[in-house]
Amino acid sequence: MILIFVILARADRHENSATAVVRNGQKCLPVLGILLVSFFAFGSRDAEAGIVFTETWESPVVAANSTTTLLPAPWGEFTGGAMSSILHAADANRFAQPLPSPAGGNQVLELAGTNTGIFRMSGEALQINSIFTLSAAIGNDATLGAANEFWSLQLWADTNGSSSFEGSGSDTFIGQQFGSSSTAVTAAEGQWALNSFSFETGGDDSLSGQELIVFLNNFDTGSSYYDNVSLSVSTVPEPSSVCILSVGLLALIVGRRRREAHLDVC
Ligand SMILES: [Ca+2]
Ligand SMILES: [Ca+2]
Ligand SMILES: [Ca+2]
């Protein structure tokens, strides 16, 4: 990164030595173009993005209009309270079949009852300068007037190293997006909306090495509906690299304008 900036700076200085040639803005375009391409190429936050898992709830297959409490591995019920979880074929009275985007297929997860939740160990160790994004299609049951707003997408850290989820006091709550939040997207009746929660670790290494836990929750009355649950991780470029490029670009632009202003005066 530093080498690229040095090369660009030298190229800029070399061009200055032939100052007589630089009389209009067109000469700036190649250098600025290279800088901008470099910035986006090396500064892209999604350069190393990857999907950790996607869960569609299409397996095991259940008959239409029926349910099962059998969760696909490695999902498990959270045992900290009166929990239940139901994987069921979408009832035509609740949602159209096949399920409209951003949901899909014919099966969804229903979490029924106050403070119901299921979790999944992600297999991902938390590390600095990373962004973890948990997203899901959230459904609005057409048979009820309520907006099914008590869903919650949560990320936790396995602080006690149990490779399981025990909740507060044992594991660390990282954050959530939830249905009654002002930033949540609520689908129309019978429809689905994509919601997500992102956690950027930055340079904080307090949770580094701990396994990330995904927790899906229904925190109040009624039911929550989830489909196409997905976890992704991307690496944030080194702050020093972004800083060097930004400062370098700014310095070159300012320097160029000053020299051009000087030439105009002369
Ligand atoms: Ca599905
Ligand atoms: Ca509803
Ligand atoms: Ca744990």
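Residues are numbered from 1 along each chain as its sequence is written, and chains are lettered from A and ligands numbered from 1 in the order in which they are written. Because the model is predicted, local features are reported at pLDDT of at least 70 and side-chain atom pairs at pLDDT 80 or more, while totals for chains, interfaces and linings use all residues.

Confidence was examined through pLDDT, the predictor's confidence in each residue on a scale from 0 to 100. The chain has an average pLDDT of 80, and 73% of the residues score at least 70. Two segments stay under 50: residues 1-29, with 21 contacts beyond four places in sequence, and residues 37-47, with 14 such contacts. A contact is counted if the C-beta atoms of two residues, placed from the backbone, lie within 7 Å. Where pLDDT is low, the predicted coordinates should not be read in detail.

The chain contains three helices and 12 strands. These elements are DSSP runs numbered from the N terminus, with helices (H or I) of at least four residues and strands (E) of at least two. Of the contacts between residues at least 6 apart in sequence, 77% join residues at least 24 apart. Buried residues account for 27% of the 266 residues. A residue is classed as buried if 20 or more other C-beta atoms lie within 10 Å of its own, as exposed if 12 or fewer do, and as partly exposed in between, with C-beta atoms placed from the backbone.

Strand pairing requires that DSSP find at least two bridges between two strands. An open sheet of five strands has the order 3-6-11-8-9, with antiparallel pairing. Strand 3 and strand 9 (172-178) are its edge strands, each pairing on one side only. Strand 8 and strand 9 run antiparallel and are joined by six bridges; within this pair, L155 has G175 of strand 9 as its bridge partner.

Strand 4 (residues 86-89) takes part in two further pairings. With strand 2 (residues 67-68), strand 4 pairs in the antiparallel sense over two bridges, and with strand 5 (residues 107-112) it forms four bridges, also antiparallel.

The largest nonpolar core has 40 residues, of which V108, I138, L155, I213, F215 and Y226 touch the most other members. Such a core is a set of buried Ala, Val, Leu, Ile, Met, Phe, Trp, Tyr and Cys residues joined through C-beta atoms within 7 Å. At least two residues of this core come from each of strand 4, strand 5, strand 6 (116-125), strand 7 (130-139), strand 8 (151-157), strand 10 (192-200), strand 11 (211-218) and strand 12 (223-235). Beyond four places in sequence, the contacts of I213 are F119, M121, S122, W156, A157, D158, F165 and D171.

R120 lies in strand 6 and is buried because 22 other C-beta atoms lie within 10 Å. Excluding residues up to four places away in sequence, R120 touches P74, W75 and V214. The C-alpha atoms of R120 and L216 are separated by 8.8 Å, although these residues are 96 apart along the chain.

The loop between strand 2 and strand 3 (76-77) holds L71. L71 has 18 C-beta neighbours inside 10 Å and therefore counts as partly exposed. The C-alpha separation between L71 and S85, 14 residues apart along the chain, is 8.0 Å. P74 is found in the loop between strand 2 and strand 3, and the peptide bond from A73 to P74 is cis, with omega near 0 degrees.

A cis peptide bond also joins S59 and P60, with omega of about 5 degrees; P60 is found in the loop between strand 1 (50-55) and strand 2.

Positive phi values of about 60 degrees occur at the non-glycine residues N115 and S163. N115 is in the loop between strand 5 and strand 6 and is partly exposed, with 15 other C-beta atoms within 10 Å. S163 is in the loop between strand 8 and strand 9 and is exposed, with 10 other C-beta atoms within 10 Å.
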